[in-house]
Amino acid sequence: MEEKEQQELQRQYADVFEIDSNLDRLVKRIELLNYINPLNIEKEKHRFFASKYTVEPEFRYPKLKFDPYKLHRLFFLQRLERIEDEKIRKLYQEVIHYYSNMIQCIETIGTGRNFYFNSLRVFGTPTEKDVQNARFILHFKDEPSSVDMEKVFSAEEAKHYFEKFAEAYDFPLNILFSTHIAAEAMVSNSRQSLLIKKNARFSKNQLLTLGTHEIGVHLVTTFNAAAQPLKILSNGLPKNVETQEGLAVFSEYMGGALTLKRLKELAYRVLAADSLSKGYTFADTFDLIHGHYKLDRDEAFTITLRAHRGGGFTKDRLYLSGLRKIYKRYKREEPLDILIAGKVSLDSEEVLKHLRKKGLLLPNRYENLSFKQKMNTNKTLDFILNNLK
């Protein structure tokens, strides 16, 4: 955008830009993933395994770096009535309520059911259809293992792979090693960085999966959002998680990385999240995944940890429902470009089109390369995705 055009936009929507800037400063202090991952995962994993899966893990979490009450107050001090455009005003209203719920989530991490109920307000709980879809996926017989699934690459080798993978995207790739993340790799939006779990081992397929998922979607949307006039697209609109994770797994599918094993992992996550609503303990959920479904104990522990961290975290149920929604959209031949403009959601599509008309949403700077051509050749995956309810 030309500097003159930008100045005119700033003048025309001065109240929007002021509130947008205020919220940006506040939101930067509350990235949930900075607080939800336990600090003592390996120690508690060892203790849990040594107890023959009976002792409930006692996880410790990072300390808060903000005052929740003060932050709540600052969010609700924003004078939204000054925004004349009704659709934009309503969008910012929803954004404030969304981040208010997020503060309550972070404030109650480690407090058991208190956190769980706050998590429900932000991420919801699996529907009956979600659970049926998960069980449908788990009915399929495991595919034979291949050398591509063997974890032979170190974290350092993964770093080199991701650096090479990102060259096609032409944006700066900052990679950091971490010992305090539940996943093998994840994007930190606030730091515009890819975090890799130190000492983790990776398979060839996993590297492609993480490349198409984390770089192809999460970093693409991070850098697209950074080039937008409104900062709120970087911080995330309400319900953005389901859409963004759906896009990321769909990117795995289109890039030829998605496997039945990975799809089953998403199904297990739904069942683990569903177990929370049934009042299952950590040991109960682990027994469901490892004892009943016979998943390898290390993988079962990770899925159980992801669901039970904080006191009951339901975010993981959104990957499968998000994939289903994005896949249906793809089959209807509807474009995906507006959904990678930033951390946006399917529910916000109409207001995004409105922002585009007003000049407040610019064309994407980066696109997802996997979406250009379908590389998946697995007919079983096609059958499953076509038959999800």
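Leaving aside its neighbours within four places in sequence, which residues is Phe75 in contact with? I will answer that in a moment, after a word on what we are looking at. This is a predicted model, in which local features need pLDDT of at least 70 and side-chain atom pairs count only at pLDDT 80 or more, while totals for chains, interfaces and linings use all residues. Residues are numbered from 1 along each chain as its sequence is written, and side-chain values use heavy atoms, with hydrogens and water left out.

So, to Phe75: its partners beyond four places in sequence are Leu23, Leu26, Val27, Ile30, Ile96, Tyr99 and Ile103, where contact means heavy atoms within 4.5 Å. Phe75 and Tyr92 touch the most other members of the largest nonpolar core, which has 119 residues. By a nonpolar core I mean a set of buried Ala, Val, Leu, Ile, Met, Phe, Trp, Tyr and Cys residues joined through side-chain atoms within 4.5 Å; buried stands for under 20% relative accessible area, exposed for over 50%, and partly exposed for what lies in between, with a 1.4 Å probe and protein chains only. Helix α6, residues 86–107, gives the most to this core, with 11 residues. As background, nonpolar side chains in soluble globular proteins tend to be buried together.

Let me stay with α6 and turn to helix packing. Helices here are DSSP runs (H or I, at least four residues), as strands are (E, at least two), and both are numbered from the N terminus. α6 packs with helix α17, residues 349–357, at an angle of about 130°, with the axes 10 Å apart. The axes are lines fitted to C-alpha atoms, for helices over the stretch in contact, and the angles run from 0 to 180 degrees between N-to-C directions. α6 and α17 are therefore oblique to each other, given that angles under 35 degrees count as roughly parallel, over 145 as roughly antiparallel, 65 to 115 as roughly perpendicular and the rest as oblique. The crossing of these two helices is left-handed, a term used if the near helix is turned anticlockwise from the far one by less than a right angle, with right-handed used if clockwise. On the α6 side the contact is made by Lys87, Ile88 and Leu91, and on the α17 side by Val351, His354 and Leu355. By class, that contact has four nonpolar, one polar and one charged residues; here Ala, Val, Leu, Ile, Met, Phe, Trp, Tyr, Cys and Pro count as nonpolar, Asp, Glu, Lys and Arg as charged, and the others, Gly among them, as polar.

The next pair is helix α9, residues 155–166, with α10, and their axes are 10 Å apart at an angle of about 50°. α9 and α10 are therefore oblique, and α9 passes α10 in a right-handed crossing. From α9, Ala158, Tyr161, Phe162, Phe165 and Ala166 meet Leu207, Leu208, Leu210, Gly211, Thr212 and Ile215 of α10. That contact divides into nine nonpolar, two polar and no charged residues.

Helix α10, residues 204–226, also holds Thr209. Is Thr209 buried or exposed? Thr209 is buried, at a relative accessible area of 8%, and beyond four places in sequence it is in contact with Glu252, Ala257 and Arg262.

Finally, a few single residues. Ser188, in strand β2 (residues 185–188), counts as buried at 1% relative accessibility, and touches Glu31, Ser193 and Leu195, not counting residues up to four places away in sequence. Tyr330, in helix α16 (residues 318–331), counts as partly exposed at 27% relative accessibility. Tyr330 and Phe250 are 80 residues apart in sequence and 9.4 Å apart in space, C-alpha to C-alpha.

Two lysines deserve a look in the loops. Lys239, between α11 (232–235) and α12 (240–254), has a phi near 65°, a positive value in a residue other than glycine, and counts as exposed at 53% relative accessibility. Lys294, in the loop between α14 (282–292) and α15, has a positive phi of about 65° although it is not a glycine, and is exposed with a relative accessible area of 65%.
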